[in-house]
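Here are a few notes on the model you sent over. Have the structure open while you read.

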Amino acid sequence: MTIANVGERIERARMAAGLSQRALADVTGISQSTLSRIISGDRPAKMPEIVLIAEATGHTVAELTGTGTVADRAVCAARATNDSDMESMREALLHFLELSDYLDDQAIPAVV
């Protein structure tokens, strides 16, 4: 993931949402000059900024950062000793990972 790629994704998300840079700046509270530098790739976007932009444009953080879906990123190695169905165990794991990813997208910290 490069800075320019994130900027390009944010620009596409902004345009798809029908927002001008000024409108996106107003909705997110990010100054228009900072937003312009992020979009052009001159400045990396901070995660809280990406979360705000994702909310304002109706996109996910994963879409803006190009990190893909949870299922795309999840790699697991497991062994069942009781003849459990490995695919159903993987699906259950993905549900928890998707919930964790959603909470990260919403900037809700995990509580331990």
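1. Let's start with R43, which is buried because its relative accessible area is 12%, and buried means under 20%. Keep in mind that this is a predicted model.

2. What does the side chain of R43 meet in a salt bridge? The partner is E49, at 3.0 Å from N to O. E49 is buried too, with a relative accessible area of 13%.

3. The count of salt bridges comes to 3. Another one joins the side chains of R14 and E11, at 2.6 Å from N to O. Both residues sit in helix α1 (residues 3-16), 3 residues apart, or about one turn of the helix. R14 and E11 are both buried.

4. D26 and R22 also meet through their side chains in a salt bridge, at 3.5 Å from N to O. These two belong to helix α2 and are 4 residues apart, again about one turn of the helix. Is D26 buried or exposed? D26 is exposed, at 55% relative accessible area, while R22 is partly exposed at 44%.

5. Now for the helix packing. Helix α2 (residues 21-28) packs against helix α4 (residues 47-57) at an angle of about 115 degrees, and their axes are 9 Å apart. The two helices are therefore roughly perpendicular to each other. Their crossing is right-handed.

6. Which residues make that contact? From α2 it's L24, V27 and T28, and from α4 it's L52, I53, A56 and T57. Sorted by class, the contact has 5 nonpolar and 2 polar residues, with no charged ones.

How values were computed. Residues are numbered from 1 along each chain as its sequence is written. This is a predicted model: local features need pLDDT of at least 70, side-chain atom pairs count only at pLDDT 80 or more; totals for chains, interfaces and linings use all residues. Side-chain values use heavy atoms; hydrogens and water are left out. Axes are lines fitted to C-alpha atoms, for helices over the stretch in contact, and angles run from 0 to 180 degrees between N-to-C directions. Angles under 35 degrees count as roughly parallel, over 145 as roughly antiparallel, 65 to 115 as roughly perpendicular and the rest as oblique. A crossing is left-handed if the near helix is turned anticlockwise from the far one by less than a right angle, and right-handed if clockwise. Contact means heavy atoms within 4.5 Å. Ala, Val, Leu, Ile, Met, Phe, Trp, Tyr, Cys and Pro count as nonpolar, Asp, Glu, Lys and Arg as charged, and the others, Gly among them, as polar. A salt bridge is a side-chain nitrogen of Lys or Arg within 4 Å of a carboxyl oxygen of Asp or Glu. Buried means under 20% relative accessible area, exposed over 50%, partly exposed in between (1.4 Å probe, protein chains only).
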